[in-house]
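Try each task yourself before reading its solution.

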Amino acid sequence: MFSFEHIIVLLRDYWDVFLLEGLRYTLILSAIAVLFGAVFGSLIAFGRLSNSRILRFICSAYTEVVRDTPLLVQIYLFVLIVPKAIGTIVSLSTFQAVAMAFAFNSAAYVSEIVRSGIQAVDAGQTEAARSLGMSARQTMLHVVMPQAVKNILPALGNEFVSVIKETSMASTFFVGDLMTSYLKVKGTTYWALEALLIVAAIYFILGFGLSKLISVFERRMNRK
């Protein structure tokens, strides 16, 4: 039966042992996913905007395949296939394989964020820059990207919030995230509902807090 006393006991006895450790792994996993997702997603976005049909096709195919298949399936594939495929080259832990899966997934969504941010810049800006003698590279670096960043950064923040929530799927492989901590606490105390409510509250605080920070950041950028 549910008890508030159980919640107090869990916070007192298991915060440092399980919950704080789970929070650390969740944030690390999310940061890795968004960081590498931003790098590779940007490359994919530029590939989709390139003049090469082959490159556009490859990048578009990657984006569609990732976005139209479940994240959990992608995690399974990375955990089951990647360590064996590169095992002769480098040893890969389950956590690293899961992190790669999240980065692989995030890159597809980031690519759409970057692509839409670039395309949202008025085409007249590009035409004006080119008419002044700027090359395509100079136009992208000095004219398009500074304006596109205003659209891209807030959306990247929202992607970070989404990834934090999605990391709950990593608990399938017990990599130490918040949901893994929940499973450990539940298995130790048998207080499933109380432990789940604590973890849900942590996810909410993270998501709500970051969303508010992103909103403040977005308003400040719009004033400039």
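## Exercise 1: The second largest pocket

Task: list the residues that line the second largest pocket, then sort out where they come from.

Solution. Step one is the list: the second largest pocket is lined by Ile 32, Phe 36, Phe 40, Ile 44, Tyr 62, Phe 78, Gln 96, Ala 99, Met 100, Ala 103, Phe 104 and Ala 107. Here, on a 1 Å grid over the protein atoms alone, a pocket is an open set of points where a 1.4 Å probe fits, with protein on both sides within 12 Å along at least five of seven lines, and lining residues have an atom within 4 Å of a point.

Step two is the origin: helix 1 (4-48) and helix 4 are the elements that give two or more residues to this lining. Helices are DSSP runs (H or I, at least four residues) and strands are too (E, at least two), numbered from the N terminus. With six residues, helix 4 gives the most.

Step four is the volume, about 250 Å³, taken as the space filled by probe spheres set on grid points that are joined across faces, edges and corners.

A word on the source: this is a predicted model, in which local features need pLDDT of at least 70, side-chain atom pairs count only at pLDDT 80 or more, and totals for chains, interfaces and linings use all residues. Residues are numbered from 1 along each chain as its sequence is written, and side-chain values use heavy atoms, with hydrogens and water left out.

## Exercise 2: The largest pocket

Task: describe the largest pocket by volume, central residues and lining.

Solution. Begin with the space, about 360 Å³. The lining has 15 residues, and those closest to the pocket's centre are Leu 49, Ile 118, Ala 136, Met 140 and Val 144. Next, look at the elements: helix 4 (94-119), helix 5 (123-131) and helix 6 (136-166) each supply at least two lining residues. Helix 6 has the largest share, five residues. Finally, sort the lining by type: eight nonpolar, five polar and two charged.

## Exercise 3: The nonpolar cores

Task: find the residues with the most contacts inside the largest nonpolar core.

Solution. The largest nonpolar core has 19 residues, and Leu 29, Ile 75, Val 98 and Phe 102 have the most contacts inside it. Such a core is a set of buried Ala, Val, Leu, Ile, Met, Phe, Trp, Tyr and Cys residues joined through side-chain atoms within 4.5 Å. Helix 1, helix 3 and helix 4 each give two or more residues to this core, and helix 4 gives the most, six.

Now zoom in on Val 98: leaving aside neighbours within four places in sequence, Val 98 is in contact (heavy atoms within 4.5 Å) with Leu 29, Ile 75, Val 79, Ala 170, Phe 173 and Val 175. A second, separate core has 17 residues, including Tyr 182, Val 185, Tyr 203 and Leu 206.

## Exercise 4: Buried or exposed?

Task: decide whether Gln 74, Thr 167, Leu 43 and Leu 197 are buried, partly exposed or exposed.

Solution. Buried means under 20% relative accessible area, exposed over 50%, and partly exposed in between (1.4 Å probe, protein chains only).

- Gln 74, in helix 3 (residues 71-85), counts as buried because its relative accessibility is 4%. Its side chain makes a polar contact of 2.9 Å with that of Thr 69. A polar contact is a pair of N or O atoms within 3.5 Å; within protein, one must be able to donate a hydrogen and the other to accept it, and residues adjacent in sequence count only if both atoms are side-chain atoms.
- Thr 167, in the loop between helix 6 and helix 7 (178-189), has 0% relative accessibility, so Thr 167 is buried.
- Leu 43, in helix 1, is exposed because its relative accessible area is 55%.
- Leu 197, in helix 8 (residues 192-223), is at 40%, so Leu 197 counts as partly exposed.

Conventions. Ala, Val, Leu, Ile, Met, Phe, Trp, Tyr, Cys and Pro count as nonpolar, Asp, Glu, Lys and Arg as charged, and the others, Gly among them, as polar.
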